[in-house]
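Trainee: I am new to this one. Could you walk me through it?
Mentor: Gladly, let us look at it together.

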Amino acid sequence: MAIGQTVFLNGGYRPVAEAAISPFDRGFLFAHAAYEVTAVYGGRFVDLEGHLARLRRTLAGIDIPNPYTDEEWADIHAGLIEHNGMEEGLVYLEVTAGAYGLRDFAGPETFTPTVFFYADSRPLIGEVARDGIRAVFREDSRWKRRDMKTVQLVSQALAYRAAKAEGAETAFMVEDGMVTEAASANAWIVDSAGRLVTRELSSSILPGITRAGVFSLLKGSGIDLVERAFSPDEARAAAEVFTTSAGAMIAPVVALDGQPVGDGTPGRVTRRIQHLYYEALGADVAKVAPWCLG
Ligand code: PDD
């Protein structure tokens with residue numbers, strides 16, 4: 001991970017050391033802010049249109065006026081990776097409801113947003129994708145509008161801390177006896193018939209852009225997909241488990257609550273999905289991910 005030293009804040013690129021925002025910013029005081037995380041692979045953005053569409057929805061949902069057109073958003077993204085010489089990694093953006101010099105729950109009638117971007121250069125197809133991650137189950141204590149990508153992330157931060165304390169890398173969130181999603185990714189299982197199962201979209205989960213990307217790759221692949229919720233027991237008994245997110249793309253889950261999933265190594269269907277996904281990115285799969293060529 002290498003944080004690029006040029007960030008974008010409120011209309012201009014500047015050195016990170018010179019980027020400052022007000023302590024009265026509503027992002028800081030109320031977590032009143034939207035964010036997006038978009039992958040960059042081979043110098044190109046992965047599904048930027050999908051991320052921008054979701055950003056538009058989140059902003060509308062939390063009453064923040066959208067300060068830019070999609071074209072302007074795309075230009076800022078492009079400028080940021082150019083300034084930082086980034087070829088592979090993640091671009092983070094945050095749009096808050098702005099600062100007004102006081103703490104007032106309702107705030108002004110119309111918000112003037114704060115817009116912040118940074119670039120994080122890192123390999124996206126690495127050890128996590130090759131070897132997998134371990135997860136623990138944890139009660140989902142988030143607010144009810146998880147379909148909006150807001151920075152209200154304390155539940156997820158605590159879930160990650162609990163996972164780490166138990167020797168795992170992530171948590172699967174559970175509500176009413178069913179898995180909603182992983183702490184910062186969508187959750188999938190492969191059932192005994194080799195079908196993919198992932199929860200249907202609703203306000204209970206984030207509509208993942210990587211999830212949508214995998215859906216489109218399944219057409220014509222011969223792999224069946226079922227959109228429904230699954231329980232922790234079903235996940236424990238599943239042939240394979242994996243997560244999808246911009247950050248880790250397709251991450252095999254090799255243990256749940258300390259017990260191996262399947263034989264404890266990434267499974268055949270997961271490898272196939274990784275292969276399809278990396279190929280669609282334009283990756284040289286034989287070079288960067290030979291382990292997914294089964
Ligand atoms: N997280 N669900 C949650 C709760 C998430 O936070 C994320 C992404 C996803 C996957 O969405 P996408 O495929 O669009 O990345 C699902 C990002 C990467 C993060 O917070 O860092």
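Predicted model: local features only at pLDDT ≥ 70, side-chain atom pairs only at ≥ 80, totals over all residues.

Trainee: How are H6 and H8 oriented to each other, roughly?
Mentor: Two packed helices are described by the angle between their axes and the distance between the axes. Here helix H6 (residues 209–218) and helix H8 (residues 268–281) have axes that come within 10 Å and cross at roughly 100°. Angles of 65 to 115 degrees fall in one class, so H6 and H8 are roughly perpendicular.

Trainee: Which residues of H8 make the contact with H6?
Mentor: On the H6 side, the contact is made by Thr210, Val214, Leu217 and Leu218. By class, the contact of H6 with H8 has seven nonpolar, one polar and no charged residues. The H8 residues in it are Ile273, Leu276, Tyr277 and Ala280.

Trainee: How far does H8 reach from its first C-alpha to its last?
Mentor: Start with its 14 residues. At 1.5 Å a residue, the expected span is 20 Å. The reach in the model is close to that, at 20 Å.

Trainee: Which residue follows H8, and what is its phi?
Mentor: Within H8, the buried residues include Tyr277, Tyr278 and Leu281. After the helix comes a residue with a positive phi. That residue is Gly282, with phi near 90°.

Trainee: Is Ser221 buried or exposed?
Mentor: Ser221 sits in the loop between H6 and strand E13 (225–227). Leaving aside neighbours within four places in sequence, Ser221 is in contact with Arg272 and Leu276. Its relative accessibility is 13%, and the cut-off is under 20%, so Ser221 counts as buried.

Trainee: Which backbone nitrogen does the side chain of Ser221 reach?
Mentor: Here we look at the side chain of Ser221 and a backbone atom. The distance is 3.1 Å, and the nitrogen belongs to Ile223.

Trainee: What is the phi of Asp47?
Mentor: Most residues other than glycine have a negative phi. Asp47 lies in the loop between strand E5 (44–45) and helix H2 (48–61), and is partly exposed, with a relative accessible area of 31%. Although Asp47 is not a glycine, its phi is positive, about 55°.

Trainee: And Met249, what is its relative accessibility?
Mentor: Met249 is found in strand E15 (residues 249–256). Its phi is positive, near 55°, in a residue other than glycine. Met249 counts as buried, with a relative accessibility of 1%.

Conventions
Residues numbered from 1 in each chain as written. Heavy atoms only, no water. Axes fitted to C-alpha atoms, helices over the stretch in contact; angles between N-to-C directions. Helix = DSSP H or I, 4+ residues; strand = E, 2+ residues; numbered from the N terminus. Parallel < 35°, antiparallel > 145°, perpendicular 65-115°, else oblique. Contact = heavy atoms within 4.5 Å. Nonpolar A, V, L, I, M, F, W, Y, C, P; charged D, E, K, R; others polar. Expected span 1.5 Å × (residues − 1). Buried < 20%, exposed > 50% of the residue type's maximum accessible area, 1.4 Å probe, protein only. Polar contact = N/O pair within 3.5 Å; in protein donor to acceptor, adjacent residues only side chain to side chain.
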